[in-house]
Amino acid sequence: MAFEGLADRLQSTIKKITGKGKVSEQDVKEMTREVRLALLEADVNYKVVKDLIKRIKERAVGQEVMESLTPGQQVIKVVKDELTSLMGGEQSKIAVADKSPTIIMMIGLQGAGKTTTSGKLANLLRKKYNRKPLLVACDVYRPAAIQQLETLGKQLDMPVFSMETEANPVEIAKRAIDKAKEEHLDYVIIDTAGRLHVDNELMQELKQIKTEVQPHEIFLVVDSMTGQDAVNVAESFNEQLDITGVVLTKLDGDTRGGAALSIKAVTDKPIKFAGMGEKLDELEPFHPDRMASRILGMGDVLSLIEKAQTTVDEKQAKALEEKMRTMTFTLDDFLEQMGQVKKMGPLDDLLAMIPGANKMKGLKNAQFDEKKLLHVEAIIKSMTKKERQDPSIMNASRKKRIALGSGTSVSEVNRLLKQFDEMKKMMKQMTNMQKGKKGKKGRGMGLPFM
Amino acid sequence: MGFMDKLKAKFQRNQENAEEVSEKYKDGMKKTRQTFSGKINDLLARYRKVDEDFFEDLEEILISADTGVTTVMDLIDELKMEVKRQNIKQPSEMKDVISEKLVEIYYGDDDQEMEKLHLEKDQLSVILVVGVNGVGKTTSIGKLAHNLKQEGKKVMLAAGDTFRAGAIEQLEVWGDRTGVDVVKQTSGSDPAAVIFDGIKSAKSKNVDVLICDTAGRLQNKVNLMNELRKVKRVIEREVPNAPHEVLLVLDATTGQNALNQAKVFSEATNVTGIILTKLDGTAKGGIVLAIRNELNIPVKYVGLGEKVEDLQAFDAHAFVYGLFADLLEKE
């Protein structure tokens, strides 16, 4: 659809200027326009975009880009730098009160995911920090909101404090804290009702709760799919309640999530956690750098190289190269190699990092089935050591056993063996080529899987 | 001025209770309108001539309403053409041109019938309600049940959201409030089975409209989208011509992702209309423009508040009137 990714769009602009010895101001203008559109398409607020573009332009028209050999790449780098610095560093700490309990208030619009996030946060506090949280149901307005939190509490085996729907939320919060003190629970998570930031009456209620319970953290829960309005929402909640952090939900969807940038820009409060799925353990620390790449939807060669460098052990790579040359490459090595590629992240993401990759025929809509990789892994792991070293000993009964052990079929085992065989053949050709080159250039192969 | 009067006249002719409806829209969309048309007025006052900067600012105003980048770019191009053709120099002359073009997109092919619910006259009609998490599906179903009941229809609800904690209870509360039966199973059961039960029960009780709730799901979750396909297949198999409506619930605060939602849910369940919720905040709901423009899915209802009667049948005329009421009244 509309999302082509910044890299692709920049590339078409760059095509126009390759061949030119120098990049003109006009060229930079064209490039920044593409950046601007990409940011707007990602739902970054237009005011935030305006400021960003101004800064990017200043840097881009300056020396660092104009005199670079690859102005396009340089622009991307500048953009990413600016975005990353705007997003700030990672901050997923939760306050600890001097005197228990620590009180956390969850606030936000309707449907942002406050109740689910409350449950997830309680789970995280118990699992990671070994704390004893109490969940408090202060949403007396939405039908069955209390039941929802109670059900979550049951699923998590976590205490939930609630009163009837006629009760006053301020009163509920106060009584809950008394209970936490009595029972020596060290965290109190107050789930409040969703409300519009322009609803004065309900905003007043939140202020009252805040004054009464003096929370140590106030988390604004925001749907990552929010559009331009994210600025108004975040600004308003922050102005009235002085939030301490943001939780971004539904980030496992396919939104580009520009709202994250807008919220950070207008409130300057850290985004601490991200909801990454429907299960109760799917709340993760928020990674600002990853978000920057996601917003741009850009092929980021830089981080691909970084990733490759950090995940591929140099020594291992050398040993592998040696094996390939001497043709002693076994299924064990194949498995190890796969593990290294996997360490770099989901294949789709890796592919997305190669600019132009989605322009390649066949690759454009290729869906990488991570499950297939798992199957391959299972098949190899179901083989004996001997079989892995020398697949030629494979016979029907061995294959049957392997298929059974890995939960696959004999035909899948066959397919893998055939692929492995072909791969070996290809390697032979490649290493032969390499030998020929070696004399002249003296360079070995870089990464084994590229 | 000419065009706005025409719009007003057209709106009033189309609506017997025009005043009442327009008040609802005006109230609900107060925040939207204040920012949107206020900004356009500011823009017109600020600029001395219609130039590149003027268009860039206009572009931003439209984008700030979540109108969708592609739609805005198309619109700006058309406006530029229009400026050349009519030889417009003064920003004040742009007012009519801008409104006219915007309205053109809203109206699309001007098919009023598209915005109505298509239900059977004398037999069971099934409405399937789908959408991502937290957009207000269950609440909208409650309000829709109320609306249909007011029209004298016998309504039944099927609690197909068996996943989210408290979802079944939430629908039951709405059933109580509106006096409508709810068919349910336990949490965690197969949604297709619940809806199958719902259809059986609706048939035996001579229900006019069965509204099926489903669990919220993000459109990129393949398995969950397949589950939805299965639910739809069950409905298709059990009732001829069903589902009569597949309504996608969209949150007005959602940005560009709403387009993706509309597209992917359509592929899975052939969405026939949209319920646009939470239009009573500062969100502009401009995404309606983009969805009509790019996918041609009509909006059938808008949620303008929290009360049970705050779900209004979508009226493009009233919607535009709501957006531009300030402009209209100043003239």
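This is a predicted model: local features need pLDDT of at least 70, side-chain atom pairs count only at pLDDT 80 or more; totals for chains, interfaces and linings use all residues.
Biologist: What is the strand order in the open sheet of chain B?
Modeller: The sheet has eight strands, with mixed pairing. Strand E3 (181–183) and strand E8 (311–313) of chain B each pair on one side only, so they are the edge strands. The twist averages 25° from one strand to the next. The order is E3-E2-E4-E1-E5-E6-E7-E8.

Biologist: Which residue in E6(B) is the bridge partner of B:Leu250?
Modeller: Strands of a sheet pair through backbone hydrogen bonds, either parallel or antiparallel. Strand E5 (residues 245–251) and strand E6 (residues 273–277) of chain B take the parallel sense, over five bridges. The partner of B:Leu250 is B:Leu276.

Biologist: What percentage of chain B is buried?
Modeller: Buried means 20 or more other C-beta atoms within 10 Å of a residue's own. Chain B has 331 residues. The buried share is 53%.

Biologist: How many residues are in the second, separate core?
Modeller: Start with the largest nonpolar core, which has 102 residues. A:Val222 is among the members that touch the most others there. Its contacts beyond four places in sequence include A:Leu248 and A:Ile263. The second core includes B:Ala159, B:Ile195, B:Ala202 and B:Val231, and has 71 residues.

Terms used. Residues are numbered from 1 along each chain as its sequence is written. Chains are lettered from A and ligands numbered from 1 in the order in which they are written. A nonpolar core is a set of buried Ala, Val, Leu, Ile, Met, Phe, Trp, Tyr and Cys residues joined through C-beta atoms within 7 Å. A residue is buried if 20 or more other C-beta atoms lie within 10 Å of its own, exposed if 12 or fewer, and partly exposed in between; C-beta atoms are placed from the backbone. Two residues are in contact if their C-beta atoms, placed from the backbone, lie within 7 Å. Two strands pair if DSSP finds at least two bridges between them. Helices (H or I, at least four residues) and strands (E, at least two) are DSSP runs, numbered from the N terminus. Axes are lines fitted to C-alpha atoms, for helices over the stretch in contact, and angles run from 0 to 180 degrees between N-to-C directions.
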